[in-house]
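Please look over the sequence and the model that follow. The paragraphs after them lead from the chain as a whole to a few individual residues.

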Amino acid sequence: KELEVLQDIADLTVRATDQAVFKCEVSDDKVTGKWLKDGVEVLPSDRIKITHTGRFHRLVIDDVKPEDAGDYTFVPDGHALSLSAKLNFLEIKIDYVPRQDPPKIHLDTTGNMVSQNTIIVVAGNKLRLDVEITGEPAPTVVWSKGEEAITATEGRVRVESRKDLSCFVIEGAERTDEGNYTICVTNPVGEDKAVLFIKIVDVPDPPENVKCTVVGEDCATIVWEPPKFDGGAPVKGYLMERKKKGSSRWTKLNFDVYESTTYEAKRMIEGVLYEMRVFAVNSIGLSQPSLNSKPFMPIAPTSEPTRLMVHDVTDSTCTLRWLAPEKIGAGGLDGYLIEYCKEGDTEWVAGNTGLCEKQGFVVRGLPVGEKINFRVVAVNIAGRSPPATLSQPVTIREIVEHPKIRLPRELRTKYIRKVGEKINLTIPFQGKPHPVATWFKDGQPVDPKMVNVRNTNVDSIFFIRSAEREHTGTYDLVLKIENMEDRATINIRIIEKPGPPVNVRVTDVWGFNAALEWEPPKDDGNCEITGYTIQKADMKTKEWFTVYEHNRRTNCTVSDLIMGNEYMFRVYSENLCGLSEEPRMSKNTAVIAKTGLEHKPAAFKEKDMACAPKFTQPLVDRSVVAGYSTAISCSVRGFPRPKIVWMKNRMIIGEDPKFLMQNNQGVLTLNIRKPSTFDAGKYSCMAVNDLGQDEVECKLDVRVAIQPENK
């Protein structure tokens, strides 16, 4: 590519001690070159400086002397090009009087200056402020921030000095760099001073305190606070994002800047946890995201409680009952608020300080005789439900109700328990005002040492830890309200196992039988005797065998006794608790005497079952299709069990896997697997034992299936 000359070198005429500056500009900023004087290369020194900045090449000669006059040429490396100029030295014969001018600061009011002496810099950007300085002799320049002078010539914040120019540089501006900066120039003639305010602008800080204040079935209201620092530029608005808890995918909620600090997010799923974050926006850009809000769940309040009713009223209280709302939703149900107000008033008063979790509440401290309206509100995380209100006000006054005992069905008959068992009876009752319950046994107040009684406003609990026989009796529960009374009777019987029967004896013996009689036990265990168990034992072996169980009479006849043996007997009593702990032994024994009769059974003669084999079902001729498995069967009898031999064309069929021979209770089967035309022929079956043999045979035809013709 050809090198173009954008600015040629100009001829110079300078006086002694002045500065000569040759400058040229080429089209390629990477091109280097050499400076020549009268054909000889110029080398840099303390007085001669050669610089290359981008496309500009400079040769600066300080304190010009007569010998510096001549032809100067710039030759770019690698290009057939040269730029030339002439330096003329001007001699002044008259005496020179140095000029003295007071220093002057010339500020450039364009560029970064938005107003006089104010400079705005975006954080992270570079600020380079070139200030032109004039004055003779050359003034001294001092930059300072506040009271602290800036003397550094290197680093992030530095001052660069050139002839008639002072450069103030900030690399990567930060918020701490903001402030008032002073430039002061002085020389022997005077001084000049200028104050600059450098303002650092940045993206704002993130918004703060992002939280959810109100939730609905599919929406939520989010509020937040503006950022503490707006970045030096007014906040234009906000951008919002949301995500499901546990997910990393954020969804934008708005694309246009939203100016308010309250936002209603919609189209959410009820019962799902969400998180929100907010970005602040100013003219510089977008802030970092705020901290995530606490997880929140879009939920709707429940429907109103159902079936609100008055359960009880006294002179200062009212008991309410209700059922849960029909629609609860994903937010669940935290509890209920009960409120009331006097008839005609509009101000509702809370009847409970905290949420009531049960479906009933007693409102206390009500004025007697007043008509009060009541309502109940269900509460969950989404807020209050619509109220359930009684259709008419309630008059706060005690209602007199006759006492009434609600005796359970199982206690209306005799209540039976075993000794040692626990008795725990709950007898509900009703009446207003609260009745007084008293227990009696057989007409006398119960002994608290034997029976524990605990009374409440709605029931009486009768408790015996371990029942004994003396707890048996008739118990009366008396319920009183002033001169009104109700009574209930409970018959309790405590039973245990009975004692053994009395006077067990053998009254008669005949043949192989013995007659027994006894008397009922003296102690029936406080329960009716339901039967007796009779056992016998041979005096030789003394092993007991049960003869009768649940025998209801006090006598029995024991049969099937062995003649010549002596027997003893024992009897157990039985009631609802079971058999008596001990039996009663018979006072005498029974001896079965021998007689002259003797039974001799005839000798058993075993029947001879031996017979020669005989086929009871012969083989039948069959015709089968090749490739389809088949079977031939017959049946045989004989004892001893005969040996079976299958043959094909008079040749014994051995362990050929094509054939399977089976014998099931004399039914003989030969299974032929997928026969071919080769398997056709005469098949015979022979049965042989020690008494003889028998044989049957059949013919098996195997035909080839006719294949249909292809059309």
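Predicted model: local features only at pLDDT ≥ 70, side-chain atom pairs only at ≥ 80, totals over all residues.

Accessible areas come from the Shrake-Rupley method with a 1.4 Å probe. By this method the protein chain exposes about 42,900 Å², and carbon and sulfur atoms supply 49% of that area.

The overall form of the chain comes next. The protein chain contains 61 strands and zero helices. Its radius of gyration is 62 Å, whereas the globule rule gives 27 Å for 711 residues; the value is well over the rule, so the chain is more spread out than a compact globule. Taken along the principal axes, the box filled by the C-alpha atoms of the protein chain is roughly 190 × 115 × 65 Å.

What share of the 711 residues in the protein chain is buried? Buried residues make up 38% of them, where buried means under 20% relative accessible area. Contacts can also be sorted by separation along the sequence. Among the contacts in the protein chain with a separation of 6 or more, 63% are accounted for by residues 24 or more positions apart. As for charge, the protein chain carries 94 positive and 100 negative side chains, and the centres of these two sets lie 11 Å apart.

The database record divides parts of the chain into named domains. An unreviewed UniProt entry gives the annotation "domain: Ig-like" to residues 1-73, 403-491 and 613-701. Within residues 403-491, the chain is 58% strand and 0% helix, and the end C-alpha atoms are 22 Å apart. Residues 613-701 are 65% strand and 0% helix, with their end C-alpha atoms 28 Å apart.

The UniProt record, again an unreviewed entry, also places the feature "domain: Fibronectin type-III" at residues 206-302, 304-399 and 500-595. Residues 206-302 are 40% strand and 0% helix, and 36 Å separates the end C-alpha atoms of this span. For residues 304-399 the figures are 46% strand and 0% helix, with 29 Å between the end C-alpha atoms.

Some single residues may now be examined. P226 lies in the loop between β21 (220-225) and β22 (235-244). Is P226 buried, partly exposed or exposed? Its relative accessibility is 47%, so P226 counts as partly exposed. Leaving aside residues up to four places away in sequence, P226 touches Y238 and T261. P226 and L337 are 111 residues apart in sequence, and their C-alpha atoms are 36 Å apart in space.

Two further prolines follow cis peptide bonds. The bond from E136 to P137 is cis, with omega near -10°, and P137 is found in the loop between β13 (127-136) and β14 (140-145). The bond from F639 to P640 is also cis, with omega near 0°; P640 lies in the loop between β55 (630-639) and β56 (643-648).

D38, a residue other than glycine, has a positive phi near 55°, and D38 sits in the loop between β4 (33-37) and β5 (40-41). K674 is not a glycine either, yet its phi is positive at about 40°. The loop that holds K674 runs between β59 (667-672) and β60 (681-689). With 47% relative accessibility, K674 counts as partly exposed.

Methods: Residues numbered from 1 in each chain as written. Heavy atoms only, no water. UniProt positions renumbered as here; feature names shortened; annotations may be inferred. Helix = DSSP H or I, 4+ residues; strand = E, 2+ residues; numbered from the N terminus. Rg over C-alpha atoms; globule rule 2.2 N^0.38 Å. Buried < 20%, exposed > 50% of the residue type's maximum accessible area, 1.4 Å probe, protein only. Contact = heavy atoms within 4.5 Å. Lys, Arg positive; Asp, Glu negative; His and termini not counted. Charge placed at Lys NZ, Arg CZ, Asp CG, Glu CD.
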